[in-house]
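Student: I have a new structure open and would like to learn how to read it. Could we go through some features together?

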Amino acid sequence: MTPIPDTLAGLSLNPVEPSTTAAADFLARGPKGLLIDGRWTPAADGAEFPTVDPATGRQLAMVPRASAQDAEEAVAAARAALKSGPWAASTPEDRSRMLWRIADLLESHLEEFAALESLDQGKVLATAKFGEIPGAIAQFRYYSGAARALEGTTVPTSLRRQGPDKQIFAYTVREPVGVVAAIVPWNSPLLMAAMKLAPALAAGCTVVLKPAENTPLTALLLGELLLEAGVPAGVVNILTGFGQEVGAALATHPDVDKITFTGSTAVGKQLVGDARSNLKRLTLELGGKSPAIIMDDADVARAAAGVSRGIFDNGGQVCVASSRIYAHRLVYEQVLESMVIHAESLNLGHGMDPAAGLGPLVSRAQADRVDTYVAAGRAAGVSVLTGGKQGGAEGTFFQPTVLSGVAEDSPLMREEIFGPVAVVTPFDDPAEVIEWANDSRYGLAASVWTEGLSNAHRMAAEIKAGTVWINCHSYFSPELPKGGHKQSGWGYENGALGLSNYLESKTVCAVI
């Protein structure tokens, strides 16, 4: 292997201006507000906090720090909109047209959203512009059609007639679950918000959206577009703030009917407890430690490139990141070499820099966390083939890292690092590697790389995960269900299953 290059040496970052006038104007407007009952308002106690560019530490904007009082007002507005007014009387066509208008507005502001996402979260602009923002638009378009497909059924029964001139007529209907608290993570802020908002609105629910405190800006801009699209007051409320304050208030609120959450398994378990008071419905997409298995008959160049993208894109801050890579011993060295070359080809830089292949992690705390894992592995004798260094003016950059010689019981193998750290392990026996792949508390996703049809489908059947990709990794679309097994979550997002999360079924049985 080649010596580890010091790609952080001389890394100098000046404040980077937004790539669009619209994004600059949005930031220049001054302190933002909470969206409650169709109006922008400061936090009840006037508290604010800054959101910053993680690459430079530059303050981007001041946003309200919502409290339990703000949560109370937002939930009350959502409950009122659910019970009366234009939203309560809306038809499937009304909701369908509104979701399509939202998609059109997002599309017309795509460049602005991409710039804000890059500045606020750190991801390279191309990831936002060509991946995540179009993905958010697709969610609203998909569920625009789904809003017209909320069907019940008629049910032939075995019940006896109540007389010669009577008969039994039974049917089911689907109704909105009610007020939804949608809590989204910082790694893909707008896309994750869209994955919750679009089906909830299609179903006729009302929503209180809580973006992550690290990345609130695109949610606030989305709020402006929702009002422009004609979403009635109280239907979508947006609270910026911290999980232990406003998030906890929403999770325990007796008038919230459902929580939909994407984030860590630890927080997901806390939400299970919070939901007990009124048995809130829960959809939880939680942590992952996704295995990628490269068989000896795989297209090795394609596989190595695919799993490298799977772990290094967005700095590895992806719940389905291909963090555990198992390569057949016959191709192991080739995979290692290809992944090292790929890692070393990624220039570190500001997300808005067109030359950057990898931006900063979302915060210094996240970069420190990644560094702690790698340092502990290095101390235990793990081989760092490339990368493994933290740096930048704010300490938020971390080199794409390839590790080998990692024991199966190492935290590097067992725990979600959420950084650009790939562990590559050789295997000889396909049965053994399936055992390793499944030996995890997580079961979110996996990939198998092979040219053999039998290998592909047999291994896909044996891997315990919500999604298994064959000869690809991190492929998503609004119609493909996405969720986790084991401690990776409850329920599914996307597709018809995603819509059903926001619906209750009712059986009506009549003697007529």
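Student: How many bridges join strand E19 to E20, and in which sense do these strands run?

Tutor: Keep in mind that this is a predicted model. Strand E19 (residues 445-449) and E20 are joined by 4 bridges, and they run parallel. To see one place where they face each other, find serine 447, which stands opposite tryptophan 469 in E20.

Student: Which sheet do E19 and E20 belong to, and in what order do its strands come?

Tutor: They sit in an open sheet of 7 strands with mixed pairing, and the order is E13-E16-E17-E12-E11-E19-E20. From one strand to the next, the twist averages 25 degrees.

Student: What does helix H11 lie across?

Tutor: Helix H11 (residues 332-344) lies across several strands, including E13, strand E12 (324-328) and strand E17 (421-427). Its direction is at about 170 degrees to E17.

Student: Let's turn to another strand. Is E7 mostly covered or mostly open?

Tutor: Strand E7 (residues 206-210) is mostly covered, with 5 of its 5 residues buried. Now look at where the side chains go: Thr206, Val208 and Lys210 point one way, while Val207 and Leu209 point the other way, and all are buried.

Student: Which strands pair with E7?

Tutor: One is strand E6 (residues 179-183), which pairs with E7 in the parallel sense over 5 bridges. There, valine 179 has threonine 206 of E7 as its bridge partner. Another is strand E8 (residues 236-238), which runs parallel to E7 and is joined to it by 3 bridges. On that side, valine 208 stands opposite asparagine 237 in E8.

Student: How does the chain get from E7 to E8?

Tutor: It crosses through helix H7 (residues 217-228), and this β-α-β crossover is right-handed. A right-handed β-α-β unit is also made by E6, helix H6 (residues 189-203) and E7.

Student: What about charged side chains? How many salt bridges are there?

Tutor: Here is the general idea: side chains of opposite charge can pair when their charged atoms come close. In this model the count comes to 18 salt bridges. One of them joins arginine 29 and glutamate 224, at 2.5 Å from N to O. Arginine 29 lies in the loop between helix H1 (21-28) and strand E1 (34-36), and glutamate 224 is in helix H7, so the pair ties together parts 195 residues apart in sequence.

Student: Which parts does the salt bridge between glutamate 493 and lysine 196 tie together?

Tutor: The side chains of glutamate 493 and lysine 196 meet at 2.8 Å, N to O. Glutamate 493 is in strand E24 (residues 492-493) and lysine 196 in helix H6, so this pair links parts that are 297 residues apart in sequence. Glutamate 493 is buried, with a relative accessible area of 3%, and lysine 196 counts as buried at 2% relative accessibility.

Student: Which residues are linked in a network of salt bridges?

Tutor: Arg79, Asp255 and Asp257 are linked in that way.

Notes
Residues numbered from 1 in each chain as written. Predicted model: local features only at pLDDT ≥ 70, side-chain atom pairs only at ≥ 80, totals over all residues. Heavy atoms only, no water. Buried < 20%, exposed > 50% of the residue type's maximum accessible area, 1.4 Å probe, protein only. Helix = DSSP H or I, 4+ residues; strand = E, 2+ residues; numbered from the N terminus. Pairing = 2+ DSSP bridges. Right-handed = clockwise from strand over helix to strand, strands pointing away. Salt bridge = Lys/Arg side-chain N within 4 Å of Asp/Glu carboxyl O. Axes fitted to C-alpha atoms, helices over the stretch in contact; angles between N-to-C directions. Contact = heavy atoms within 4.5 Å.
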